[in-house]
Each structure stands twice: as C-alpha cells, then as structure tokens.
Amino acid sequence: IEAAVQAMAIDNTPIKARREIDVLDEFRNTKTKENANFVVIGHVDAGKSTLMGRLLYECGVVDERTIQKFKAEAEKIGKSSFHFAWVLDQTNEERSRGVTMDIATNHFSTASTNFTILDAPGHRDFVPNMIAGASQADFAVLVLDASTGAFESGFQNNGQTREHTILARAIGVSRIVVAVNKLDAVNWNHDRYTEISQQMGHFLSNAGFSSNSTSFVPCSGLTGANIFHGARDKLPWYHGPTLIQTLESSKPRSRAINSPLRITINDVFRGGIQNPVSISGRIEAGSLQIGDALLTLPSKESATVKGIEINEQGSEWAVAGHNVTLHLSGINIIHLKPGDVMCSPDSPIVPLNCFNLKILSFETITPMLVGIHRGRLNASGRVISLLESMDKATGKTLKKKPRHIGPGMFARVKVEVTLSAGIPVEKGNRVVLRLGGKTVAAGVVE
Ligand code: GDP
C-alpha cells in the first residue's frame with residue numbers, strides 16, 4: 001500500500017502553456033521588492049526575541065489587538081515585559097506546515113525589502129540551528145544588552161556574544177548589524193553606547209569583519225526606540241539610521257543571478273491534491289522559470305517546475321536571493337529531503353569526495369573521523385590532513401602541516417567523504433564538522 005501511495009504521488013500532468021521567458025530581462029524590468037535573510041545572534045537574554053517581536057509588530061505582521069492580548073497574558077503571569085517575545089512563537093507556529101522543517105522562519109516587509117529572520121532565537125540548542133540558519137544568511141544581527149554588567153558578561157570567555165560572532169564569520173557571514181539594545185535600562189547613556197561600540201568594533205575587526213561591513217545601532221526593543229522610528233527625545237546624540245533603515249541597507253548589493261542554478265531545500269511537503277510534491281527553499285544562484293527541468297542531489301533524480309511561489313504569491317520565474325516554494329512534477333517525494341540541493345541538469349554540481357576547507361576549530365582537530373554538514377545535508381567523513389594553521393586577522397600561514405590544531409584556531413584542512421559518490425558541495429559553501437553531537441569546526445569550502 002505504501003508503495004502504491006508513493007507511486008501515485010508522482011505527478012506527471014504536462015506543464016500547461018509554457019511561456020519561455022528571458023528571466024534576467026524580466027527581473028531587470030520588474031520593480032519587485034528585494035529579499036534579504038538574516039540570522040539573529042547574541043547572548044541569552046540580550047533581548048533578541050523581544051527585538052524581533054517588535055520588528056514583526058512594527059511592520060504589521062501582528063496587529064495591535066494580538067499585542068494587547070499578549071500583554072494582558074504576560075501581566076497575568078507576572079512577566080509583563082514578555083509580550084513581544086511571544087510574537088515570534090506565534091507567527092512561527094502559524095507558518096510551519098511541513099513536519100520536516102527545522103529552520104524556523106519569520107517574515108516581515110518594509111517598503112523596499114522582504115525580510116526573512118532565519119531560525120529566530122528560541123529555546124533550542126542553539127549552535128546547530130544557528131549554523132543551518134547562518135548558512136543561508138545574507139547578514140547577521142548581533143544583539144547586545146547594554147545594561148550595566150550585562151554586555152560584559154555576554155562578552156566574557158563563555159558568553160555567547162563571542163562564540164556566535166566568530167562562528168557566523170567562520171561560515172562566511174561577512175556583514176553584521178550590531179543592535180546595542182536595552183539602552184532604556186541605562187538611561188539612554190551616550191557614553192555607554194560609545195564604550196560598547198568601541199569594544200565590540202575592535203573585537204569584530206579582529207574576528208575578520210571589515211569596518212565597512214559593520215554597523216552599530218542604538219535601540220531598545222522593549223520601548224521601540226530607534227527601531228522603526230527615530231527617537232530624538234531619547235537619543236539626541238544619535239544622528240544615524242534606525243534599525244530598519246540599517247537592515248534595509250545591509251542587503252547584498254548583487255546576487256549571483258547569472259551563475260548556474262543552485263537551490264537549497266529547506267522543507268519538503270505535499271502541497272495539496274494538485275501539488276503532491278512541493279519544496280520550499282532558497283535560490284542561492286541562477287534563475288528559473290515554470291517548465292524548467294531540475295536535477296536533485298544527492299538523489300540524482302529529475303523533476304520539472306510546475307509552479308513557483310515567491311512569498312506565497314504565484315510567479316512565472318524566480319532568481320537568486322528569492323525564497324521560493326516550488327511545485328514539482330515527475331518526481332516522487334521520497335527522493336527529496338531538507339538540505340538537498342537542486343540544480344539545472346545543464347550545469348550540475350559535481351559531487352566531491354575530497355576537498356579543502358578553511359575552518360575555525362572549536363575543539364582540537366587531528367586527522368580524525370567527522371560528520372560533514374552543509375546546512376541540513378550531512379555525510380560521514382574524515383579529516384585526512386592538516387595543511388596549515390593561519391593567523392585570524394591576516395590569514396597568513398602560521399605553521400605548515402601542524403600535528404594538531406588547537407581550539408579557536410583558523411586552519412586549512414583536507415577532508416574526505418566516506419561515500420564514494422561524494423556530496424554536492426562547491427567552492428564557497430558553508431560547512432561544519434561535527435563529532436559526537438558537537439560542532440568541532442566550521443568553515444568554507446575552498
Ligand atoms: P533573548 O533571550 O535574547 O531572546 O531575550 P528576550 O527577548 O527573551 O529578553 C530577555 C529579558 O530582557 C526579558 O525579561 C525582556 O523583557 C528583557 N528585555 C528585552 N528587551 C529589552 C529592552 O529593550 N529593554 C529592557 N529594559 N529590557 C528588555
């Protein structure tokens with residue numbers, strides 16, 4: 001019965017009225033909103049959920065009545081300041097439809113941009129989720145708690161401010177927006193803002209973020225100051241952009257639209273009777289239109305694009321940077337899973353079984369067995385040789401062929417996948433190495 005049901009799930013209805021279009025031309029001539037994805041990082045209690053809830057509220061994702069309801073409930077249980085944080089949970093639940101989806105996302109739009117918050121902060125084990133989210137992030141939003149002593153404790157050795165920031169950089173996130181949050185708790189003190197921005201700026205530049213890819217914004221998620229509207233009364237000393245304006249100006253200036261098609265699958269689901277096989281995912285590179293043939297990896301199955309949705313609206317085409325839902329025909333759902341990659345059969349990804357990685361280590365690395373993860377895709381493998389250790393800031397070689405790489409070091413290593421067919425990774429992909437449930441290193445494929 002199982003087999004019969006699955007066989008029925010292959011949808012072979014011919015694609016109606018394919019209209020061949022010049023997608024790049026359409027894209028140039030259409031004034032659509034741009035898309036940007038970001039990941040939220042920072043120490044526990046820095047105010048990440050509250051700040052994101054505030055963004056969703058100010059951008060109209062939840063209405064005033066819902067907020068008032070949350071506020072009353074929060075007051076009832078004696079957590080009066082928690083109502084904005086609840087917005088995230090609520091919109092998350094409403095939007096997650098696939099059983100397999102495990103990067104929770106929230107969306108909000110401004111006049112110029114559709115934003116996706118990737119794996120908005122929750123209560124789960126953070127690092128693996130952050131890695132999956134950060135592997136698709138255009139930039140990171142680092143939330144700092146400016147209240148007395150709090151910034152310092154988040155910044156100390158085992159505080160998550162450092163860990164998350166370095167991790168994000170190691171997997172290739174190069175732009176960062178620093179929200180210096182909870183300024184209401186320090187009476188909007190300018191000196192406190194300057195102190196934190198200077199310390200953090202110094203740290204970020206050592207971690208490899210260039211100063212023109214780093215922005216600082218003073219704000220308070222709880223009061224809403226300088227999030228959507230400026231707050232001249234509270235922050236008379238500040239003349240820069242609001243948080244929303246900063247997010248808008250942080251989106252990538254160009255996308256790899258002319259490159260071969262690459263889509264990372266986030267979710268696989270049955271989109272109703274008419275669409276037995278649907279995926280949601282992100283177009284990392286290239287473009288596509290209805291009627292296009294796709295090749296899925298690692299299953300090496302082919303499929304045809306029957307329908308495209310961008311932000312829940314039907315579209316005839318989509319390009320790099322879009323988060324899409326694709327309805328597929330000619331393929332059985334069993335061949336698709338989150339983390340898989342789809343490409344065009346004309347310029348497919350060539351799976352690799354041996355490649356070099358530039359990594360940041362979290363544990364001591366020696367030639368050893370590891371799990372190799374690219375987002376949700378993973379394979380068992382080995383570190384087969386340690387090529388060199390490198391200076392964090394300059395990238396210069398410290399030592400060739402080291403015997404081991406200590407925690408917190410940058411290094412270049414060669415890895416091998418056990419599977420002889422290899423895995424679909426390419427230069428620039430963000431990868432992490434894990435062992436026994438722990439992330440031992442994160443890096444980028446060279
Ligand atoms: P997360 O763990 O980083 O997601 O932090 P939460 O958003 O859950 O906030 C942690 C605590 O800080 C809660 O008690 C919030 O009410 C409080 N908080 C969040 N943002 C602000 C803010 O802007 N100002 C003040 N004073 N408190 C805040």
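## Surroundings of S112

Two residues are in contact when heavy atoms of each lie within 4.5 Å. On this criterion, and with neighbours within four places in sequence left aside, S112 is in contact with K33, E34, E248 and K251. The model examined here is predicted.

S112 is located in the loop that runs between β2 (105–109) and β3 (113–118). Its relative accessible area is 31%; because this value falls between the limits of 20% for buried and 50% for exposed, S112 is classed as partly exposed. T148 stands 36 residues from S112 along the chain, and the C-alpha atoms of the two are separated by 36 Å.

## Positive phi values

Most residues other than glycine have a negative phi. K182, which is not a glycine, has a positive phi of about 60°. K182 belongs to the loop between β5 (176–181) and α9 (190–206), and its relative accessibility of 26% makes it partly exposed.

For K401, phi is likewise positive, with a value near 40°. This residue is placed in the loop between β19 (397–400) and β20 (410–417). K401 counts as exposed because its relative accessibility, 68%, is over the 50% limit.

## A cis peptide bond

Most peptide bonds are trans. The bond joining L297 and P298, however, is cis, with omega at about 5°. P298 lies in the loop between β10 (293–297) and β11 (302–310).

Notes:
Residues are numbered from 1 along each chain as its sequence is written. This is a predicted model: local features need pLDDT of at least 70, side-chain atom pairs count only at pLDDT 80 or more; totals for chains, interfaces and linings use all residues. Side-chain values use heavy atoms; hydrogens and water are left out. Helices (H or I, at least four residues) and strands (E, at least two) are DSSP runs, numbered from the N terminus. Buried means under 20% relative accessible area, exposed over 50%, partly exposed in between (1.4 Å probe, protein chains only).
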